[in-house]
Amino acid sequence: MNMEIKKPNEQENTLEIKNLVIHYISDEEVVKAVNGVNIIIKAGKTLGLVGETGAGKTTTALSILNLVPEPQGKILSGEVLLEGRSVLAMSDLELEAIRGDKVAMIFQDPMTSLNPVHTVGDQIAESIEIHRKVSRQEALKQAKEMLELVGIPSERSNEYPFQFSGGMKQRVVIAIALTCNPTLLIADEPTTALDVTIQAQVLKLINELRQKYHMSMLMITHDLGIVAEVCDEVSIAYAGRIIEHGTLEDIFDHMRHPYTKGLFDALPDIGARRSELKPVKGLMPDPTNLPPGCPFHPRCDYVMEVCSQSVPENKWLSETHCVECHLYKDSNESMLKEVLL
Amino acid sequence: MLKFIVKRLFAMIPVILAVTFVVFTIMWFVPGDPTNIILGNEWTEAASAQVKAELGLDRSFLVQFLHYTGNLLQGDFGISYITRAPVGEQLMARFPNTLEVVLGAMLFCVLVGVPIGVYSGVKPYSVFSNLTMVAGLLGISFPIFWLGLLLILLFSVHLGWLPSSGLEDGFASFILPCLALGGNYMANIMRITRSSMLEVIRQDYIRTAKAKGVKAIDVVLKHALQNSMMPTITVIGMDIGTLLGGVVLTETVFSIPGTGRLLLESINKRDTPTVIGCLVIMAVCIAVSNLIVDIVYAYVDPRIKAQYGAAKD
Amino acid sequence: MDETIAKYTTRKGFFKQYKKKSRLEEIWNRFLRNKLAVVGLVIFVFIILVAILAPLIANYDTEAIRVNVPNRLHSPSAAHIFGTDELGRDIMARIVHGARISLVVGCAAIAFALFVGGALGAIAGYSGGKIDDVIMRCMDVFLCLPDVLLALAIVAAFGTNLVNLTIAIGLAFTPKFSRLVRSAVMTVRGIEYVEAARAIGATNTRIIANHVLINCFGPIMVQVTLYVANAILTISALSFIGLGIQAPIPEWGNMLASGRVYMRDYAYIVIAPGMAIFMTILSLNLLGDGLRDALDPRLK
């Protein structure tokens with residue numbers, strides 16, 4: 001079956017990552033964090049990057065800002081194109097210009113993301129001062145407006161981070177990230193460290209602001225619920241590779257990869273309360289010691305001999321849906337129906 | 001904040017008194033009859049008894065201590081057994097010299113040591129950083145008095161550039177003593193600043209700053225520096241004690257007429273009031289510097305300032 | 001049931017279940033990988049050997065003590081590797097014997113400080129409350145005076161014999177150890193296995209001895225090493241100003257003091273003794289740093 005694959009027009013893509021490989025190299029070991037990641041985010045769309053801890057999501061995100069920690073972190077190959085420009089080839093000056101301005105990031109842990117000795121007003125205003133060339137007075141004024149936008153009274157702009165709760169700190173972080181209207185917003189598990197009720201508020205805030213400013217967004221999360229609420233497309237990450245990608249419908253209703261199936265199966269079902277939880281058996285592979293062939297094969301219910309021998313290639317199943325699994329090599333169409341269950 | 005400072009100043013007094021008590025107690029055990037020293041050749045039974053009554057040396061330990069403390073709180077350090085002059089006078093004459101050497105050493109070490117530490121913390125894998133680590137290790141192992149002797153050998157004897165003793169040559173006389181005294185101190189400051197900076201650079205908020213597009217130099221100066229200063233300030237302040245201990249050695253090596261030399265001379269001559277006076281003055285210096293460190297903490301870290309403010313009641 | 005009790009209340013039981021052996025091996029390996037630490041260890045072992053074998057290297061009476069005026073102030077040569085001092089004595093012989101004094105007094109002083117200070121700190125940390133307050137206030141007062149000065153005062157009052165010197169220096173370091181042990185005890189006090197031990201009835205002393213102190217062991221060893229260096233430095237400093245080891249007993253500090261007058265024309269006379277002090281302290285510092293890194297490795 002030969003599918004006609006229509007690749008999206010390159011100019012419309014806010015972000016393109018091609019074959020990114022990043023390893024952390026130290027005296028004692030090599031951590032293979034990212035092993036050939038491909039990501040495309042179209043203008044104004046949100047991509048959910050889903051995966052368990054250790055799948056290489058944060059490292060991939062940091063590479064978009066070229067902030068992978070050195071000297072251990074080494075980008076061995078690949079391209080990162082932000083609106084068509086290669087981030088990895090940029091000079092320091094160019095990088096400083098786009099960080100916070102064209103692309104902004106919200107980090108995972110609000111408790112440690114803010115500088116404890118600067119007021120929150122100052123921290124927001126700094127971004128404005130750097131990218132907008134306005135006076136300090138003006139920057140502080142805009143910072144106060146930003147605080148109001150994220151739901152914090154502007155009188156509090158002179159206070160220090162330790163005087164705010166976790167949820168409010170995260171709002172400040174969001175304010176800092178959005179203050180210069182970035183084209184691409186990267187949110188790295190922005191609600192994981194927060195209480196459930198605050199989670200909903202923060203998520204709503206992010207969504208509203210994103211729509212208001214027409215930003216593209218990369219939402220990194222391990223929570224499929226968040227994905228369903230916020231994302232247009234989904235990439236499933238495992239051991240530094242994108243093993244499945246598609247629209248929300250593709251992934252939620254027509255999942256193909258055994259791991260993806262496992263993720264959904266592992267969700268507790270409130271309707272069927274008495275049945276046992278079905279976690280994916282085994283543990284995430286050790287990035288210093290990845291299994292040969294497909295990284296998921298030791299835990300896979302559908303494992304075949306070829307799985308331990310070679311890494312599966314990316315196969316496009318439709319215009320929007322692709323998967324990396326030996327089950328879907330052309331000759332294995334019959335297997336398709338099995339996984340659909 | 002002001003209330004906090006005043007409270008601490010008052011709290012210093014019991015500490016100074018306690019130290020005085022310890023020193024007083026120790027010196028109580030100095031063998032021999034003080035009147036021998038005071039009267040020297042003119043010693044007679046009668047004169048001895050008279051002096052003892054005058055100076056209260058025939059009273060009990062507690063009475064003598066309270067008498068001494070009472071005078072101390074009014075600024076009276078007693079009379080020297082040797083010179084018969086008020087101890088306070090001698091201290092006033094000598095202490096400024098000591099202070100100049102100590103402050104000179106501190107200034108030099110902070111102005112040179114902190115930037116070196118900061119730079120090697122920011123660039124931890126560079127040659128500079130490794131050299132700093134080595135210099136730090138060597139520096140803390142160097143005995144002050146040996147360093148002084150070697151400096152004299154090199155700059156005074158061999159090169160003839162700087163004086164080897166006394167304070168007559170103005171600024172030049174301070175160079176070698178301050179260097180010798182500051183050797184350990186600076187090594188410590190460099191090490192602590194470096195390791196503190198290393199810790200801070202790894203923090204999440206530094207990553208946030210970079211992600212905002214803050215220039216590299218500003219990341220260090222505006223974001224990292226203030227956060228990394230706490231341990232450095234601790235060392236700068238707390239090690240005053242080491243400096244004061246070292247100044248005794250430095251003044252010996254460089255023949256500087258300061259409190260350290262005075263202390264040694266009085267010990268050798270068994271001039272107890274002067275000994276106690278010197279030690280008390282040094283303890284006061286340490287207590288004051290601890291207070292200054294605590295105040296500086298509040299300005300560097302707003303969380304601590306908040307604690308002090310809350311502690312007002 | 002007896003076995004379970006044995007696990008928590010006897011030293012042997014505790015060790016067995018904690019698998020201490022492999023942990024020690026791990027620490028030792030990490031230590032070995034640190035080149036500077038190994039250098040420090042080698043130098044220090046060398047110094048200890050020199051101190052132990054001193055009588056074999058040079059005869060105490062004939063070479064280190066006996067005045068030999070015709071021999072005075074000879075520059076370093078084959079016969080006298082470090083030269084002779086102002087009274088004709090072989091400097092190397094004096095340095096070698098001086099090592100004994102410095103090491104013995106240094107270690108003894110720190111041992112004193114460790115036991116006295118450690119005991120006080122353990123009691124303070126474990127009891128908490130009023131006892132803790134009182135003990136710590138006393139220690140704080142002592143901390144207001146720098147070590148050299150406190151030792152100075154004590155020696156001035158009680159005389160400069162070896163025992164007094166040891167105790168004086170020991171007392172100067174006692175408050176530091178009390179703080180150290182106290183904070184270690186307070187940290188460990190909260191850990192679960194102490195609660196568990198209490199639950200099966202282990203007495204307080206047993207708890208302190210078996211559980212608490214064993215875990216403080218590592219950091220304390222590090223500090224011991226560093227403080228011994230400090231103590232040796234203090235001894236030399238005191239001897240240098242004439243209030244420590246007195247002539248004619250060879251001590252590196254008093255050798256510097258007496259040789260100082262001749263420094264201008266006979267520079268070598270102050271090189272060797274100072275170098276001895278420096279190397280000893282350096283090796284101990286390297287050792288201490290290496291131990292610290294081996295016990296608690298972090299990315300450098």
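Me: Where is the place of C:Asn29?
Reply: This is a predicted model, in which local features need pLDDT of at least 70, side-chain atom pairs count only at pLDDT 80 or more, and totals for chains, interfaces and linings use all residues. Residues are numbered from 1 along each chain as its sequence is written, chains are lettered from A and ligands numbered from 1 in the order in which they are written, and side-chain values use heavy atoms, leaving out hydrogens and water. Helices are DSSP runs (H or I, at least four residues) numbered from the N terminus. C:Asn29 lies in helix 3 (residues 20-33) of chain C.

Me: Is C:Asn29 buried, partly exposed or exposed?
Reply: Buried means under 20% relative accessible area, exposed over 50%, and partly exposed in between (1.4 Å probe, protein chains only). The relative accessible area of C:Asn29 is 40%, so this residue is partly exposed.

Me: How far apart in space are C:Asn29 and C:Ser236?
Reply: In sequence, C:Asn29 and C:Ser236 are separated by 207 residues. From C-alpha to C-alpha, their separation in space is 34 Å.

Me: At what angle do helix 5 and helix 12 of chain B pack?
Reply: Axes are lines fitted to C-alpha atoms, for helices over the stretch in contact, and angles run from 0 to 180 degrees between N-to-C directions. The axes of helix 5 (residues 87-122) and helix 12 (residues 259-268) of chain B are 7 Å apart, and the packing angle is about 130°.

Me: Which term describes helix 5 of chain B relative to helix 12 of chain B?
Reply: Angles under 35 degrees count as roughly parallel, over 145 as roughly antiparallel, 65 to 115 as roughly perpendicular, and the rest as oblique. With the angle of about 130°, helix 5 of chain B is therefore, relative to helix 12 of chain B, oblique.

Definitions and conventions. Helix = DSSP H or I, 4+ residues; strand = E, 2+ residues; numbered from the N terminus.
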